[in-house]
Each structure stands twice: as structure tokens, then as C-alpha cells.
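These are my notebook entries on a single structure. I set down what I looked up, entry by entry.

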Amino acid sequence: MRRPAQTASAKDAPHGPPAPDTEDTRSGPPGPDAEDTRSGPPGPHAEDVPQEASAPDDETRPAGGSRKRAWPRTLRRTALVLVLLLLLPTLAAETALRVNYTGTPEPGTYTRDRDAIWLGHAWIDGRKTDADVTALAGRLRGTGIRDLYVHAGPLEHDGTLPKSAYPRARWLIETLHGKAPHIRVQAWLGDEVAPEKPYAMHLERPATRSHVVASTRQILDTGFQGAHFDLEPLHSGDRNYLALLDALHRVTRDHRAVLSVAAHQIDPLPALHSFWGTATGHPKWWSQAYFGQVARRVDQIAVMSYDTMQPSQSLYGGYVAQQTSLALEVTPESTDLLMGLPFYHENRFGHWARAETVPAAVRGVRLGLSRTDKGRARFGVALYVDFAATEADWTAYREDWVR
């Protein structure tokens with residue numbers, strides 16, 4: 001998820017996500033050996049055999065047979081095999097996603113009133129007014145939204161957080177609680193991280209992790225009821241991130257606050273993060289086991305289930321159904337699991353607005369929930385992001401998920 005673009009100072013989108021906002025303040029082999037292509041020594045009666053003049057190009061009339069002619073054919077066949085080896089698993093996976101999007105969701109697979117939405121930095125930097133908060137409270141009324149992830153960062157690369165980043169945080173919290181007391185307001189904090197971004201935050205440094213912990217204590221003292229972290233790109237298996245979460249959870253428990261994270265997608269194919277990381281330098285996915293390790297260390301985990309590279313609604317919806325099932329399998333009952341909905345509209349590599357729609361995502365979520373744990377109570381969806389959403393997005397969320 002990318003960081004919100006409304007801010008004065010970059011997260012994929014999710015960017016995340018991160019994601020779409022623009023308001024950011026800061027996610028041929030060599031030929032055969034010569035010996036193989038030259039003809040062998042002449043036989044005992046070679047002098048009796050009429051000799052023809054050599055052709056200018058040995059490739060056109062090779063001595064001793066057609067081995068040089070065979071090499072290009074062999075190369076072509078090898079290339080074809082390699083292409084098929086790459087394409088067939090992909091085609092099989094895409095077919096499986098289409099099948100995954102079929103069927104009918106189970107009755108009752110709707111909101112559990114544990115949904116969330118990411119809000120841009122404008123809510124705490126002075127650009128929003130009391131009238132905006134009143135309108136927001138009205139917008140949230142009658143939905144399943146309980147948590148607001150309000151962008152209060154980004155963190156500095158050393159883990160510190162200047163108080164100047166959230167000058168109107170206390171005003172927002174107090175005003176919202178007066179109009180919508182059931183809403184929980186969390187501070188959305190994030191940054192880019194090494195090693196993929198070597199200039200950014202280095203979680204392997206104890207001092208950096210200590211600064212992040214201190215920044216969390218500082219932001220919770222402002223009145224936020226939780227801390228929501230979006231650190232990207234985090235590679236699967238990062239032990240330093242797990243150590244940071246352990247330290248952060250001690251702080252949030254002391255404040256009776258929520259520790260929440262935005263999570264990468266789970267490998268849709270076994271070990272795909274390893275292959276993709278080797279091929280592109282950006283692993284993108286987490287292993288299912290690592291996702292479970294993160295989920296066990298937090299109170300709430302929101303999957304950035306957008307920017308999926310899927311070209312159609314059926315493939316995207318099938319992908320979300322698969323992600324929902326994979327996440328449900330390893331998220332403990334004590335942790336809130338939220339699946340991200342794309343409340344933004346961009347066309348770029350990895351994201352097609354025509355495919356990644358709210359209706360397709362909601363149907364995928366309901367199908368995954370139906371097949372894996374339809375009675376799961378601590379489950380919801382998370383809407384990314386407020387300033388890019390359309391009325392059609394809100395309508396689809398209400399009609400397809402809230403009911």
C-alpha cells in the first residue's frame with residue numbers, strides 16, 4: 001500500500017498497499033564444442049572419394065552429416081519446452097482462480113461489524129473541519145466499520161516520529177468520539193524498509209526498532225486507541241519484524257490499545273515469493289507460515305488484497321477468495337482478520353481498475369469465508385482508501401457486504 005497522497009511529504013497501495021493515493025508525505029547457450037561439429041579424420045580410402053569444394057558457409061554444407069543443422073532445431077525445441085514449463089502452471093493457476101470464483105456464498109456471510117477504512121493525512125493536518133467530521137460520521141452510520149486507520153506518519157527512516165506530523169490528532173479523536181462513540185481511531189504509521197529499499201528503514205538495527213517503539217508510545221499518549229503499521233516491502237521470514245511486533249505489543253497492551261498491521265498477500269502457489277524474488281528482486285508475497293507468525297503477534301491483521309496483477313473480475317474475485325481461505329487457515333481466533341477492498345481506481349502495472357472492483361472483492365471474500373470458516377466472528381473487510389473512493393464503491397460495500 002502506498003502512503004496517502006494527500007499528505008504534505010510513499011506506502012501500495014496498498015500501497016499497500018501500498019496503494020493508490022497521491023497525497024503522500026513521504027509500497028543462448030553456446031553452441032556445441034568445435035570437436036562435435038568437425039567431421040572426423042578421413043577413412044582409409046578417403047582419397048578414392050571425389051571431393052567437392054567446400055561451401056563458403058560450413059553451416060550450409062556441414063561435413064559428416066547435419067549436426068549443425070540439428071542444433072538450431074534443438075535450441076528451438078528447448079525454448080518451447082521452457083516456455084511451456086512457465087506457461088502451463090500459470091494457465092493452471094488462472095483456471096483454478098476462475099473456478100474459485102464460481103458457486104454461491106453461504107447465507108450469513110456478511111459484515112460482523114468489525115470492518116475498517118484507511119483515512120488520509122488530511123484528517124489530522126488541519127485541512128479537515130468539524131463539518132467534515134460530521135459528514136464522515138454520517139457516512140459511517142449503518143455500516144460495519146468500527147476502526148479508522150488515520151495516517152499519522154510516515155515514520156522517519158530511523159523510526160522516530162515528529163509531533164509536527166499529526167498536529168490535529170487530538171481534535172479529530174475527540175470530535176469523532178462525540179459524534180460516533182463506537183468508532184475506534186487508530187494511528188496509521190509506516191515507512192519503506194530495507195533491504196529492498198536500502199536508503200529506508202533498517203529493522204535489523206536495534207536502535208531503529210527502539211525508536212519505533214518509542215514513537216508508538218508517543219502517538220498512543222495523544223489519544224489514539226490503536227497503532228496500525230504498514231511497513232513495506234517486508235520480505236517473508238523477516239525475523240526483525242517479528243521482534244519489533246513483540247516489543248510493540250507490550251506497549252499497546254500497557255495502553256489498552258490495539259496493535260494492527262497491514263499484511264502482504266500470501267503465496268498463491270507454494271514458494272512463489274522465493275521464485276518471484278529471485279526473478280524480480282521483489283518477493284511481493286509472504287509464505288502462509290510467515291503470515292501466521294505475524295497474525296499471532298497482533299490484535300488485528302488486514303490483508304492488502306489488491307494490486308494483484310489479475311486482468312478480469314472473475315480472476316480477481318477468485319484470487320481474493322483464495323487469499324481469504326489461506327489467511328483464515330493460519331489466523332488465530334483471537335486475532336481480527338480483515339480483507340482489503342479496493343476503494344480506488346488506477347490503471348498501472350499490477351492493477352486494473354476494470355478487474356479489481358468492490359463487487360468482485362466482496363464476492364471473493366464471501367466465497368472464501370463460506371468455504372473455510374463461515375462462522376468466524378472476528379472477521380471483516382478494510383476499505384482502501386477514503387479520498388479515492390466513489391459513491392459506487394460505497395454503494396457496493398453497503399449492498400453486497402453490509403446488507
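This is a predicted model: local features need pLDDT of at least 70, side-chain atom pairs count only at pLDDT 80 or more; totals for chains, interfaces and linings use all residues.

In which loop is Thr104 found? I located Thr104 in the loop between helix 2 (67-100) and strand 1 (115-119).

Residues are numbered from 1 along each chain as its sequence is written, and side-chain values use heavy atoms, with hydrogens and water left out.

**Entry: Thr104**

I looked up the accessibility of Thr104 and found 69% relative accessibility, so Thr104 counts as exposed. The scale I applied calls a residue buried under 20% relative accessible area, exposed over 50% and partly exposed in between (1.4 Å probe, protein chains only). I also noted that the C-alpha atoms of Thr104 and Arg366 are separated by 8.9 Å, although the two residues are 262 residues apart along the chain.

**Entry: Thr143**

Is Thr143 buried or exposed? I recorded Thr143 as buried, because its relative accessible area is 12%. Thr143 lies in the loop between helix 3 (130-140) and strand 2 (145-151). With neighbours within four places in sequence left aside, I found Thr143 in contact (heavy atoms within 4.5 Å) with Asp113, Tyr397, Arg398 and Val402. A polar atom of the Thr143 side chain lies 3.2 Å from the backbone nitrogen of Ile145. I read this pair against the cut-off for a polar contact, which is a pair of N or O atoms within 3.5 Å; within protein, one must be able to donate a hydrogen and the other to accept it, and residues adjacent in sequence count only if both atoms are side-chain atoms.

**Entry: helix 3 and helix 11**

I then examined how helix 3 meets helix 11 (residues 391-402): their axes come within 12 Å and cross at roughly 35 degrees. Axes here are lines fitted to C-alpha atoms, for helices over the stretch in contact, and angles run from 0 to 180 degrees between N-to-C directions. Helix 3 contributes Gly138, Arg139 and Leu140 to the contact, and helix 11 contributes Glu391, Trp394 and Arg398.

**Entry: the barrel**

I traced eight strands that close into a barrel with parallel pairing, in the order 1-2-3-4-5-6-7-10. Two strands pair if DSSP finds at least two bridges between them. From one strand to the next the twist averages 25 degrees. Strand 7 (residues 336-342) and strand 10 (residues 379-384) run parallel and are joined by six bridges, with Tyr384 of strand 10 as the bridge partner of Pro342.

**Entry: strand 4**

Why is strand 4 (residues 226-232) described as largely enclosed by the rest of the structure? Seven of its seven residues are buried, so I noted strand 4 as largely enclosed. On one side I listed Gly226, His228, Asp230 and Glu232, and on the other Ala227, Phe229 and Leu231. Seven bridges join strand 4 to strand 3 (residues 184-192) in parallel, and Gln186 stands opposite Gly226. Strand 3, helix 5 (residues 206-221) and strand 4 form a right-handed β-α-β unit. Right-handed means that, with the strands pointing away from the viewer, the path from the first strand over the helix to the second runs clockwise.

**Entry: strand 5**

Strand 4 also pairs in the parallel sense with strand 5 (residues 258-263), over four bridges. Gly226 has Val258 as its bridge partner in strand 5, and Ala227 has Leu259. Six of the six residues of strand 5 are buried, so I recorded this strand too as largely enclosed by the rest of the structure. Four bridges join strand 5 to strand 6 (residues 300-303) in parallel, where Val261 stands opposite Ile301. Helix 6 lies across strand 4 and strand 5 and runs at about 150 degrees to strand 5.

**Entry: Asp221**

Not counting residues up to four places away in sequence, Asp221 touches Arg170 and His255. Asp221 and Arg170 are 51 residues apart in sequence and 9.9 Å apart in space, C-alpha to C-alpha.

Key. Helices (H or I, at least four residues) and strands (E, at least two) are DSSP runs, numbered from the N terminus.
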